[in-house]
Amino acid sequence: MNKEQQPVKITREQLIDFLNEDLAGEYQAIIAYTIYSQMLKGAAYTDIVRELEVHAAEELQHAIKIAKQIDYLGGTPCVTPKPVKVSDDAVTMLRADLENEQQTDKRYRLRIQQAEALGEFALSETLRTIIVQEQEHEIDLSDALGIDVPRN
């Protein structure tokens, strides 16, 4: 079942599994932002490089929050990131980050509904605070790409 087909009503064990997928995505983001911030070169990318370094630190905080929730729910946090796309083309890397942020935003909106269906309101509030930063990342990346923030 892919992410778009995930039901709102799930078991606690399914929620843990989905959160572990989300955690793997946060690890991916940490790595991608770290790598991209060092690979982007030139005056055109000076501002976004600094922003990507900030994003990496924020994604680490997201990972810690998700891992804490997985542990609270009785699960074991995963240790493997999703694959990171690497390219010599700056626009390709920034677009990959933007797509990842958009997917994360969608997943966390669904995860909030799933958490609330299970009565896990602290988890849903934690995810809401993460979504705020994920949307800021989408804005920063869209600005760097010179495009409007794509609508989900």
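Hi everyone, let's start with L123, which touches L15, L19, Q69, L73 and A115, leaving out residues up to four places away in sequence. Keep in mind that this is a predicted model.

L123 also takes us into the core. The largest nonpolar core has 21 residues, and L123 is among the members that touch the most others, along with L19, L23, I66 and L127. Four helices each supply at least two residues of this core: α1 (12-39), α2 (46-72), α3 (90-117) and α4 (121-145). The largest share, 7 residues, comes from α1. There is also a second, separate core of 17 residues, with Y45, L52, A56 and L94 among them.

Now, how do α2 and α3 sit against each other? Their axes come within 14 Å and cross at roughly 30°. That angle is under 35 degrees, so α2 counts as roughly parallel to α3. The crossing of α2 past α3 is left-handed. On the α2 side the contact is made by I48, L52, E59 and I66, and on the α3 side by L94, D97, E101 and Y108.

My last stop is Q114, in helix α3. Is Q114 buried or exposed? Its relative accessible area is 0%, so Q114 is buried. What lies 2.8 Å from a polar atom of the Q114 side chain? That would be the backbone oxygen of P7. Setting aside neighbours within four places in sequence, Q114 is in contact with Q6, P7, V8, I10, L15 and F18. Thanks, everyone!

Definitions and conventions:
Residues numbered from 1 in each chain as written. Predicted model: local features only at pLDDT ≥ 70, side-chain atom pairs only at ≥ 80, totals over all residues. Heavy atoms only, no water. Core = buried A, V, L, I, M, F, W, Y, C linked by side-chain atoms within 4.5 Å. Buried < 20%, exposed > 50% of the residue type's maximum accessible area, 1.4 Å probe, protein only. Contact = heavy atoms within 4.5 Å. Polar contact = N/O pair within 3.5 Å; in protein donor to acceptor, adjacent residues only side chain to side chain. Axes fitted to C-alpha atoms, helices over the stretch in contact; angles between N-to-C directions. Parallel < 35°, antiparallel > 145°, perpendicular 65-115°, else oblique. Left-handed = near helix turned anticlockwise from the far one by under 90°.
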